[in-house]
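User: I would like a close look at one part of this model, followed by a connected account of what surrounds that part and of what is found elsewhere.

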Amino acid sequence: MQILKVENISKTYGIKKSSKQYMALKSISFEVKEGEFIGVMGASGSGKTTLLNILGSIDKPTTGRYIMDGKDVATLSKNQLAEHRINNIGFIFQDYNLLETMTLKENILLPLALKGYKVKTMEEKLFNIVKDLGILKVLDKYPYEVSGGEQQRAAACRALITNPKMILADEPTGNLDSKSGKDLLDLLTFINKQYKATILMVTHDVFAASYCQKILFIRDGEIYNELYAGDSKKKFFDAIIEVMSVLGGEEK
Amino acid sequence: MKLTTLALRNIKRNFSKYIMYFFSLSFSVFTVYSFLALMQNEQVVMAFTYDSRYRSMLMSFGIIIMVFVMFFLISSNNSFIKARKKEISTYALFGMTNGKIGKLLFLETMMVGFAALVMGIGAGIFFSKLTAMVLLEISLVAFTGDIAFSIDLKAIYITTIGFLAIFSFMGLSGLGVISRFQLVDLFKGDKLSEGKSEGSIILLIISLLLIGAGYYLAASNDPQRVVMAAIPILVLVIVGTYLFFWGGLPKVLHLIRRNKNNYYKGTNLIATSAFSHRMKSIASVMATIAVLSAVATTAIATGFTLYRNIEKNTYDIIGYDMYFYGGQEDVLEEVYDAFERHNIDLIESYTTDRYQTTPQMETLMVEGHEYLSSHKDYFRVYSQSVYNKLIFLSRSDSEAIQIHPGEGVYIYSFYGPSNISKSIEDAVVGQQLIFSNKEIKITSVLNSSTLSFGALHILVLNDSDFAALLQEGDISNVGESGEPYGQATVFQYKNPLQAHDLNRELDQILRGRVGSYRIAYNHYIESMETFGLVCFIGFFMSGVFMLMTASLLYFKQVMAAEEERHQYKMLRKIGMDSATEKRVIVKRLLPVFLIPLLLGITHSMFAMKAADTMVFSNMIPVDNSYFTVLAFSAVMYSVYGIVYGIFYFITKGQYTRILR
């Protein structure tokens with residue numbers, strides 16, 4: 001089932017029709033189906049963060065349609081957007097973005113608390129996810145008291161707890177060592193399989209990208225290539241490296 | 001030279017942070033200068049400082065202000081430095097020594113301080129006429145002279161020296177703060193809690209017990225005990241307040257966090273956790289603000305209540321616009337002439353004989369002392385109709401009375417504490433006064449000096465009893481030697497408290513020529529001088545306290561906002577809409593302002609209770625004078641609350657602006 005559809009999205013920064021104008025995205029179109037694990041790759045400045053911000057409805061496209069749930073998200077008002085985010089989208093950030101003032105548990109419950117859930121429902125939901133993601137023991141600790149990997153898992157719990165239609169992950173492994181990074185990727189795969197969560201991950205890490213089922217390569221604000229994972233992870237990995245080297249090579 | 005440029009650039013860049021700091025700094029300079037200038041002002045010197053009481057009052061007020069200004073400046077400077085931790089650590093990272101950083105900050109402090117000094121003194125000079133006028137207006141009714149606009153060199157000199165000393169001290173204490181910074185803090189940044197405290201239930205209980213004990217002592221009805229307990233009350237309440245904010249409030253927050261049903265509502269979760277995250281760093285500030293608010297509100301409430309009751313109190317004591325007794329034949333004509341000459345409407349005057357009587361009666365004891373006996377004391381005696389006539393002419397609250405034949409009303413003319421009046425009433429009511437062939441029973445007791453005209457004990461009788469006793473010779477207006485007791489004349493006239501010239505002339509006519517005289521105006525003026533000064537100091541002091549405590553809170557919150565900014569950014573990303581954000585901000589900021597204010601006002605209410613027991617219950621002759629006092633205080637509490645509220649909204653605005 002199709003979960004979101006992006007039609008000819010463009011994003012322009014700077015004053016219109018002036019020389020300073022800069023197009024970060026140039027009429028991009030694609031679809032995401034339910035349960036997909038998609039990677040978005042590209043060099044710095046290629047527009048991948050802009051795309052993620054638009055998909056996360058933190059930013060608005062200059063032109064184009066972004067349809068989710070039968071609604072054009074681009075036309076929603078600011079408060080409707082906030083509601084849209086809390087209901088449909090879960091975020092995982094590179095620097096975790098947990099609130100230092102709260103325990104991990106409170107951080108994870110925050111989106112539910114903002115939606116006004118009952119305590120009992122919240123705790124039931126929490127227990128299952130936390131157990132699956134393995135941070136049960138550190139729940140009552142504060143973010144600065146636990147490791148980066150645990151913080152990122154807590155952030156993943158927070159993204160997951162509202163049963164969002166889509167999880168957006170912005171370089172989730174960027175701040176983690178390779179072991180924690182691999183753990184997190186396994187976790188995302190687990191979430192993708194177990195919770196049937198649709199995940200869209202922006203990364204420049206080839207290893208992280210090789211966990212995805214499909215990869216969109218972006219260059220200069222346009223979709224340059226698409227890759228699908230085959231049976232062999234090794235082949236997929238090599239294919240990604242190949243595309244990336246072309247991308248990188250042509251940039252210079 | 002480079003350091004100076006850097007300092008200037010820092011000020012420019014941190015302008016929005018500096019502006020509030022600058023204003024409160026200027027205001028403290030303004031306060032100190034104005035105060036010093038007032039002390040030097042010729043008119044004020046003439047009006048007040050000849051009396052050593054007033055001089056010491058003004059002096060101690062000056063010292064309190066100075067100490068407080070110093071406390072305020074140092075603590076706001078230190079939190080200002082802390083807020084720039086990142087910037088300072090960066091300097092250190094690039095190899096600036098602590099000494100050099102200290103020098104840089106000192107330069108900045110001096111630049112801002114110097115500007116504030118100029119601004120504050122400038123404002124002080126500009127408003128010098130106004131401040132002197134306000135002081136003289138509210139405390140000296142009789143003052144009619146012209147107040148000059150003045151530049152006081154001595155005050156400028158002292159203010160400048162004083163503040164330069166404070167600034168240097170600030171620089172030193174800032175250096176202390178810097179040397180305590182650890183470079184590694186830069187990398188941990190804001191992630192580390194400023195010291196989360198779970199509080200302690202024991203501290204919570206102890207703090208409440210201490211405050212409660214203080215309240216209990218303050219609420220005592222025995223003035224002697226209240227006076228004795230004044231210092232213990234202060235210690236109990238102040239220690240209790242600090243313990244409450246250090247250990248009690250964190251515990252309360254901790255308990256709130258345990259009540260999941262309430263705590264896990266979105267806005268509560270964010271606001272409460274953020275508040276308790278900062279608890280430790282703000283606890284002392286909040287406690288200080290609670291105590292200072294209590295002092296300030298008590299000061300203005302006391303001043304205001306006294307001030308508003310001066311007129312009433314004057315008439316409670318004097319009774320009439322004017323009266324005198326003895327020497328009527330010499331002065332009465334001159335007095336009438338004076339009214340004519342000053343063109344003041346004499347509404348009515350009335351002359352009565354001062355009758356006395358000494359009936360046989362038991363010797364009465366009150367609290368172990370001989371109170372009333374027939375061989376030592378006499379009664380001033382009035383018939384009911386004369387009494388009612390005099391009451392009608394007086395401006396006191398006394399009411400006309402109706403007395404049955406055979407009964408008498410006893411009035412004592414001195415003011416004592418309320419527990420004494422009960423003993424007197426118990427002793428006197430039911431007493432039989434035995435005259436030659438008549439007995440009068442005392443049925444009720446009043447307390448008023450309106451009819452005393454020199455006597456301590458007053459008796460009012462039914463008209464026919466009075467006539468009969470006069471006939472019998474039991475009541476007489478001549479002494480045993482045949483010397484008459486003289487008459488008393490009371491006056492009621494238009495604008496008695498404003499007619500300065502008439503009152504002054506009456507004073508001259510009557511002085512030394514009559515038995516005794518009282519003019520309401522004189523008493524009024526005298527009270528105004530004392531209480532007006534108290535009131536003025538109260539207003540000035542609470543103004544200073546309020547501005548500084550509120551701006552201290554402002555600093556703390558604005559600096560917290562800088563650190564909390566990224567949290568709100570993150571919250572917006574996970575879908576907090578702007579309405580929720582507004583609610584979160586209110587819930588986050590309101591307690592910081594409201595809790596100290598409410599606690600301070602509660603303290604003040606008990607302080608007013610103590611003040612009522614000591615002072616007002618004698619001044620305001622109502623059954624429960626505390627309610628009257630509270631009503632007057634409530635006016636001042638609201639004024640304080642409103643000004644405080646304005647600061648809250650300014651802070652909220654700035655806080656919101658930083659988050660966006």
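This is a predicted model: local features need pLDDT of at least 70, side-chain atom pairs count only at pLDDT 80 or more; totals for chains, interfaces and linings use all residues.

In β5(A), which residue is the bridge partner of M68(A)?

Analyst: The bridge partner of M68(A) in β5(A) is K71(A). Two bridges join β5(A) to strand β4 of chain A, residues 63-68, and the two strands run antiparallel. They belong to an open sheet of four strands in chain A, whose order is β2-β1-β4-β5 and whose pairing is antiparallel. Because β2 (22-33) and β5 (71-72) of chain A each have a single partner strand, they stand at the edges, and one side of each is left without a neighbour in the sheet. Helix α1 of chain A, residues 48-55, lies across β1 (2-13), β2 and β4 of that chain, and runs at about 55 degrees to β2(A).

Elsewhere in chain A, strand β6, residues 89-92, is joined by four bridges to strand β7, residues 166-170, and here the two strands run parallel. Within this pairing, G90(A) stands opposite I167(A) of β7(A). In a regular strand, side chains alternate between the two faces of the sheet. In β6(A), I89(A) and F91(A) lie on one side while G90(A) and I92(A) lie on the other, and as all four are buried, both faces of the strand are covered.

Turning to chain B, the axes of α19(B) and helix α21 of chain B, residues 625-659, come within 9 Å and cross at roughly 20 degrees. With an angle under 35 degrees counting as roughly parallel, α19(B) is therefore roughly parallel to α21(B). The crossing of α19(B) past α21(B) is right-handed. Among the residues that make the contact are M546(B), L553(B) and Y554(B) from α19(B), together with Y640(B), F647(B) and I650(B) from α21(B). By class, this contact has 15 nonpolar, four polar and two charged residues.

The two chains also meet, with 23 residues of chain B in contact with 24 residues of chain A. On the side of chain B that touches chain A, the elements giving two or more residues are α12 (260-263), α13 (266-318), α19 (520-573) and α20 (578-619) of chain B. The largest share of that side, five residues, comes from α13(B). By class, the side of chain B that touches chain A has eight nonpolar, nine polar and six charged residues.

Notes
Residues are numbered from 1 along each chain as its sequence is written. Chains are lettered from A and ligands numbered from 1 in the order in which they are written. Two residues are in contact if their C-beta atoms, placed from the backbone, lie within 7 Å. Ala, Val, Leu, Ile, Met, Phe, Trp, Tyr, Cys and Pro count as nonpolar, Asp, Glu, Lys and Arg as charged, and the others, Gly among them, as polar. Axes are lines fitted to C-alpha atoms, for helices over the stretch in contact, and angles run from 0 to 180 degrees between N-to-C directions. Angles under 35 degrees count as roughly parallel, over 145 as roughly antiparallel, 65 to 115 as roughly perpendicular and the rest as oblique. A crossing is left-handed if the near helix is turned anticlockwise from the far one by less than a right angle, and right-handed if clockwise. A residue is buried if 20 or more other C-beta atoms lie within 10 Å of its own, exposed if 12 or fewer, and partly exposed in between; C-beta atoms are placed from the backbone. Two strands pair if DSSP finds at least two bridges between them.
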